[in-house]
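Dear colleague,

I am passing on the structure below for you to look through when you have time. My notes on a few side chains follow it.

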Amino acid sequence: MEKIRVGIFGLRRGSGFINEIRYNGGEVVAVCEKDEEYLESISENIKGAAVYTEFDEFIEHPMDAV
């Protein structure tokens, strides 16, 4: 079965879903958060995902769900 590629918009709330997505066979491929300090503080948990601070760029990333 192919992994579902998921993007997370707004990591303050959305970061709680990262482990659940991975546990259920999904892949977090992109994240979007304007707060760069917060991005840095959770950088270990979002390794491998493309990081965006602008929604318009984020939404163009190839993914199956947001």
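**Salt bridges and a buried serine**

Arg5 counts as partly exposed because its relative accessibility is 30% (buried means under 20% relative accessible area, exposed over 50%, and partly exposed in between, with a 1.4 Å probe and protein chains only). Please bear in mind that this is a predicted model, in which local features need pLDDT of at least 70 and side-chain atom pairs count only at pLDDT 80 or more, while totals for chains, interfaces and linings use all residues. Residues are numbered from 1 along each chain as its sequence is written, and side-chain values use heavy atoms, with hydrogens and water left out.

The side chain of Arg5 forms a salt bridge with that of Asp64, at 3.0 Å from N to O (a salt bridge is a side-chain nitrogen of Lys or Arg within 4 Å of a carboxyl oxygen of Asp or Glu). This pair links distant parts of the chain, 59 residues apart, and Asp64 is partly exposed at 45%.

By this rule there are four salt bridges, including one between Glu54 and Lys34 at 3.6 Å. Glu54 is partly exposed at 39%, whereas Lys34 is exposed at 60%. Another joins Lys47 and Glu44, whose closest N and O atoms are 3.2 Å apart; Lys47 is exposed at 55%, and Glu44 is exposed at 58%.

Ser15, by contrast, counts as buried, with 18% relative accessibility. Leaving aside residues up to four places away in sequence, Ser15 touches Tyr38 and Ile42 (contact means heavy atoms within 4.5 Å).

How values were computed
Helices (H or I, at least four residues) and strands (E, at least two) are DSSP runs, numbered from the N terminus.
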